[in-house]
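Me: I'm new to this structure and would like a close look at just one part of it. Please pick a spot, start with whatever term I need, and take your time.

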Amino acid sequence: MPFSPAIASPQPESLWRHLAAQTGSLSTSPGAGQLESDLQVDVAIVGAGYSGLCAAHALLRRGVSCAVFDANSVGWGASGRNGGVISSKFRPSFSAMAKAHGLDIAKRMHRLAHDSVRTVEELIDEYAIESAQFERTGNLRCAHTERALAAIIAEAQWAKSALGDRSMTVLSRSEVAAETGSAGFVGGVLNSDAGTVFPLEYVLGIARGIAAKGVPIYTLTPVTAIERLPGAAGVTLRTPAAKVRARQVIVATNAYSSLTPATREIQRELVPFRSAMIATERLPIDLDSRLMAKRRSYTETRRMMKWFRRADGRMLFGGRDAFGKEGQSSGFDALQRAMVELFPELADVGIEYRWSGYVGMTFNALPHVGRADDATVFCLGYNGAGVAMASLIGQHAAAIALGDAPDLALLAQDGYRPVPCHVLRAPGARLVAAWYQFLDAMGK
């Protein structure tokens with residue numbers, strides 16, 4: 001697919017954009033505008049989301065010249081559209097990692113997961129991003145069956161005994177009902193090392209912070225080609241109006257890597273899943289006081305997981321929509337039905353915001369970070385848990401670009417590993433999602 005300037009399009013009108021407009025963050029959106037003249041830097045970064053900006057933050061700290069380029073605006077992709085859940089986890093459990101790779105690997109992965117939460121806290125403190133409204137209130141995983149509850153309790157107990165993790169607490173059916181306001185769960189496990197954030201404010205805050213310290217962020221500047229010249233060190237990045245010479249390039253485009261030919265090869269590492277979200281109108285006083293009063297984030301144990309949280313006096317409800325395309329109403333309608341099933345009192349509450357974006361899913365359900373060649377570093381595949389992990393991995397990608405070898409355990413990858421039968425990814429994703437929905441309906 002040839003590059004088209006139409007990719008420079010507005011972000012969906014989400015609750016996050018509404019709130020950022022209220023605080024003035026959108027009117028002071030960071031960035032140096034479009035690149036109009038040739039440039040030379042030590043490290044060029046493609047993608048102005050969490051990974052790319054945090055890579056720039058790490059390079060700035062080490063006195064390395066860098067610049068960030070994006071085909072759209074800061075946080076235009078998943079970084080500005082997600083649910084704002086800060087979590088210390090991966091999709092595979094730590095016990096499954098230990099079984100497959102040994103306890104030492106599980107311990108190192110556990111450390112990385114919790115380091116990612118610390119990274120978010122440190123960035124918000126360093127750049128004084130109060131508008132992101134970070135709250136370390138925890139995440140409650142809500143079990144939809146007794147079988148699912150037993151599984152997450154067993155995982156919490158294993159993490160405590162094998163990893164020394166004391167951040168998790170089991171809640172009974174009545175405790176989960178009292179906290180959430182829903183009778184749809186049989187119990188749950190609370191992870192205290194988790195929280196929530198306003199995601200667009202967070203990414204804009206990081207961008208403003210690094211821009212104020214001298215890192216140029218070129219928006220509406222798609223990188224259309226990344227070229228290795230014969231016998232020359234480094235790379236040349238081509239944009240519509242100018243060229244960029246760099247010793248190293250970090251590609252941090254994740255699920256939006258297909259936007260230009262320069263990063264399309266990386267898209268073969270991923271299966272993009274659409275993630276849709278809805279936000280209600282502001283809740284009546286009685287519901288506002290009873291539903292999720294502790295302001296945590298909440299997730300289900302179903303395979304086609306739904307998540308929910310409170311923000312701005314509203315209920316936010318989100319989930320995967322493998323069958324729809326961006327902008328289609330089918331996913332939003334399904335979310336509203338699922339929300340009302342769990343919270344019947346919301347049946348007559350209006351929906352004010354509907355938006356969606358793409359999540360980068362990998363074949364092994366883990367993020368990937370490493371070298372494609374001696375001048376190219378990539379980081380991608382956060383599998384729906386990327387706010388904290390992308391913030392951490394972007395900084396590790398910067399270290400790799402400078403020749404370091406950070407301990408990344410199962411996340412480290414040497415070269416691209418395309419998803420098998422990638423051409424069938426769309427029908428394959430729909431088939432898997434349909435099977436998962438069937439199992440969920442059967443209570444399996």
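Reply: First, a term: a polar contact is a pair of N or O atoms within 3.5 Å; within protein, one must be able to donate a hydrogen and the other to accept it, and residues adjacent in sequence count only if both atoms are side-chain atoms. Next, some ground rules. This is a predicted model, where local features need pLDDT of at least 70 and side-chain atom pairs count only at pLDDT 80 or more, while totals for chains, interfaces and linings use all residues. Numbering runs from 1 along each chain as its sequence is written, and side-chain values use heavy atoms, with hydrogens and water left out.

Let's zoom in on Arg309, which sits in strand 14, residues 306-311. (Strands, E, at least two residues, and helices, H or I, at least four, are DSSP runs numbered from the N terminus.) Arg309 is buried yet has no salt bridge. Buried means under 20% relative accessible area, exposed over 50%, and partly exposed in between, with a 1.4 Å probe and protein chains only. A salt bridge takes a side-chain nitrogen of Lys or Arg within 4 Å of a carboxyl oxygen of Asp or Glu. With Lys and Arg counted as positive, Asp and Glu as negative, and His and the chain ends not counted, the nearest side chain of opposite charge is Glu135, 5.8 Å away.

What does the Arg309 side chain reach instead? The backbone oxygen of Gly84, at 3.4 Å, and the backbone oxygen of Val197, which lies 3.0 Å from one of its polar atoms. Leaving aside neighbours within four places in sequence, Arg309 also has contacts (heavy atoms within 4.5 Å) with residues including Trp16, Phe198, Met292 and Arg314.

Now for the rings: the whole structure has 12 aromatic pairs. Rings of Phe, Tyr and Trp (its six-membered ring) pair if their centres lie within 6.5 Å; planes under 30 degrees apart are stacked, over 60 edge-to-face, and the rest tilted. Trp16 and Trp355 have ring centres 6.3 Å apart and planes at 75°, so they are edge-to-face. Trp16 is in helix 1 and Trp355 in strand 16, 339 residues apart. Trp16 is buried at 2% relative accessible area, and Trp355 at 1%.

Then there's Phe308, also in strand 14. Phe308 stacks with Tyr298, 5.5 Å centre to centre and 5° between the planes. Tyr298 belongs to strand 13. Tyr298 is buried, at 0%, and so is Phe308, at 0%.
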